[in-house]
Structures are given as C-alpha cells and as structure tokens.
Amino acid sequence: MIDIIKREWVYLWYYFTLQLGQIFPYWVLGMVLGSAVSVFAKDRIHDLFRSLGDKKLGALGVIPASIIGIASPLCMYGTIPLSASFSRSGMRDDWLAAFMMSSILLNPQLILYSAALGTTALAIRIFSCFLCGIVAGLLVRLRYHGKSFFEFSGFEEAASRDTDPNILLRFLKNLGRNMKATGMYFLLGVILSAVFQRYVPAEFVADLFGDNRGFGVLMAATIGVPLYACGGGTIPLLQAWLQDGMSMGSAAAFMVTGPATKITNLGAVKIVLGVKRFALYLLFAAVYALFTGWIVDFII
C-alpha cells in the first residue's frame, strides 16, 4: 500500500513539474506585463477612453471602447467605479457596455497567460472577447437607446495604490500585490491539471469535449461557471484538456463563460445592473459563448 502511494506521488509530481515548467514562464511574464501596464500605462489608457466622449462616433464607438476595455488592467471592482466616473462625464452607455464587457473577459496579463495555449487559442480568445464587447455595446444601443442601462449612483473612483515616489518601488509593490492575488490560484490550477492528467483518461476528455463537438461546447460553457476562479489558474487546465483532445470551440466557450460568470465579477455586475438586466447579462454571456464555440468548431 505504501509503495502504491509513493508511486502515485511520483507520478503526480512528474505531471506537476511538467505542467509548471510549461506554464510558469507565461505566468511570470503576465505578472510583469500586468504590473507594468497598471503602473505606467493605466492612466493613459483610461484617458484615451475618456477622450472618446468628445468624438461623434455613434455606434462605431463600441469598437475602440472594446479595445480599450481589453487593454485596461483593472479588475471588475476597479472597473465599475472608473466606469461610473466615465458615465458622470457624459460617456454613452453603449460604449460603457462594450468597455466593461471586454474588460470582464480579458486584460493584458491574461493575454500573456493565454499564449501558453498556442497562437490559435490566443487569437481566438482575443478576437472573441473583442467581438463580445462590440456585440454587448450594440445590443445596449438597440434596446436601451435613450434610456439608462447602468446604475452607478454611490460609486466613486478608488484612489490609486501606485503612489510611491520611487518608480521602481511602485512597480515592485504592484507586482507583489499581483503575485499575492493570483499565485494561489495559479498553483491550484497546476495541481488540478496534474490530477486530471494522471487520473482522467485522454479518451474521456476527447469524447466529452472533442468528438461530440456540439455537446462538448455546451459542457465546456457549463463547467466554466463553477471552475473559473482566476484566469491564470485555468490556463493549466485548458492546456491539458487541449492536449487530450478538447476542441478549440469548447475551449473558446469555456474562455467566455468562465470570466463572465466568475463569482467576484458577478457580484460587481449585479450591483450596477439590477435583477432584470443582470439576468439579461447572464443570458447574453451564455448564448454568446455557445455560438462562439459552435462557430469556431465549424471553422476549425
């Protein structure tokens, strides 16, 4: 019995170190990039979005709004007070919807993490998140044109924590907070990936997420809800599943429903939407994820 336990630990350690070696460089680079953007470029990115309010772009404004949402390094609890500030300065709700939707799904740090999945998965993630922001903005424009979609009363933009006069210390402190916030989830993701690789047959993953692609996309979109706690933590799982036969469409669906229904994001979104519009948000995220996955599998 002891020999069996030792053998299993050896196998798990092997899969853990293998997965860690593949993912760790991307996690480190993601930490560095995320902190660099937050410390050195965040204000410029948000000032760029604020400057759009002076331009008469109409519906086309959702395009740059979605791009800037992806470029923003803030979490959703940081994005909402910022969006409240934008709203008070006259920013349109459809542009804000595009900005917030794409910001929920992706950020510069997560882009670098996702590079570990390969260029195809990375390109699909970036484009699908960018398009999701555009679609969300256009739907708000069509359904709530001339009406208020968000309720930002009571929100004030949070003071920046990157205030150290020494620019190097400012960056290092931000990097430390970033690592503290994501490190546990990253390690948990690597551990879960090792367990899956050891005990879940590749044939099962291929049957569930690969061979029956329509059902696989539905399953991937569904499990993205409970499994997604941190973007960096899901990358090892996705990498292992893709290696075992998960279809690219199923991965795309998971990468949409995961961050869209992440519990902390849901709590923040519900505050500014109310019950009815929050239900519409959940419906939109689910339908968009499913169609994205099915279209990707049809094309690839």
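1. Helices α4, α6 and α12 (263-299) each supply at least two residues of the lining of the second largest pocket. Helices here are DSSP runs (H or I, at least four residues), numbered from the N terminus. The model is predicted, so local features need pLDDT of at least 70 and side-chain atom pairs count only at pLDDT 80 or more, while totals for chains, interfaces and linings use all residues. Residues are numbered from 1 along each chain as its sequence is written, and side-chain values use heavy atoms, with hydrogens and water left out.

2. The second largest pocket holds about 390 Å³ of space. A pocket is an open set of points on a 1 Å grid over the protein atoms alone, where a 1.4 Å probe fits, with protein on both sides within 12 Å along at least five of seven lines; lining residues have an atom within 4 Å of a point. The volume is the space filled by probe spheres set on the points, which are joined across faces, edges and corners.

3. The lining of this pocket consists of 17 residues, and A136, V140, F149, Y281 and F284 lie nearest the centre. Helix α12 gives the largest share, six residues. By class, the lining has 15 nonpolar, no polar and two charged residues. Ala, Val, Leu, Ile, Met, Phe, Trp, Tyr, Cys and Pro count as nonpolar, Asp, Glu, Lys and Arg as charged, and the others, Gly among them, as polar.

4. Helix α4 (residues 93-105) packs with helix α6 (residues 119-144) at an angle of about 150 degrees, and their axes are 7 Å apart. That makes α4 roughly antiparallel to α6, a term for angles over 145 degrees. Axes are lines fitted to C-alpha atoms over the stretch in contact, and angles run from 0 to 180 degrees between N-to-C directions.

5. In the contact (heavy atoms within 4.5 Å), D93, D94, A97, A98, M101, S102 and L105 of α4 meet R125, C129, C132, G133, A136, G137, V140 and R141 of α6. These residues divide into eight nonpolar, three polar and four charged.

6. Helix α1 (residues 2-51) and helix α7 (residues 167-199) pack at about 150 degrees, with axes 7 Å apart. The two are therefore roughly antiparallel. Their contact has 24 nonpolar, 10 polar and three charged residues.

7. Helix α1 also packs with helix α2 (residues 62-71), at an angle of about 165 degrees and with axes 10 Å apart. These helices are therefore roughly antiparallel to each other. V37, I45, L48 and F49 in α1 meet A65, I68 and A71 in α2. The residues of this contact are seven nonpolar, no polar and no charged.

Terms used:
Parallel < 35°, antiparallel > 145°, perpendicular 65-115°, else oblique.
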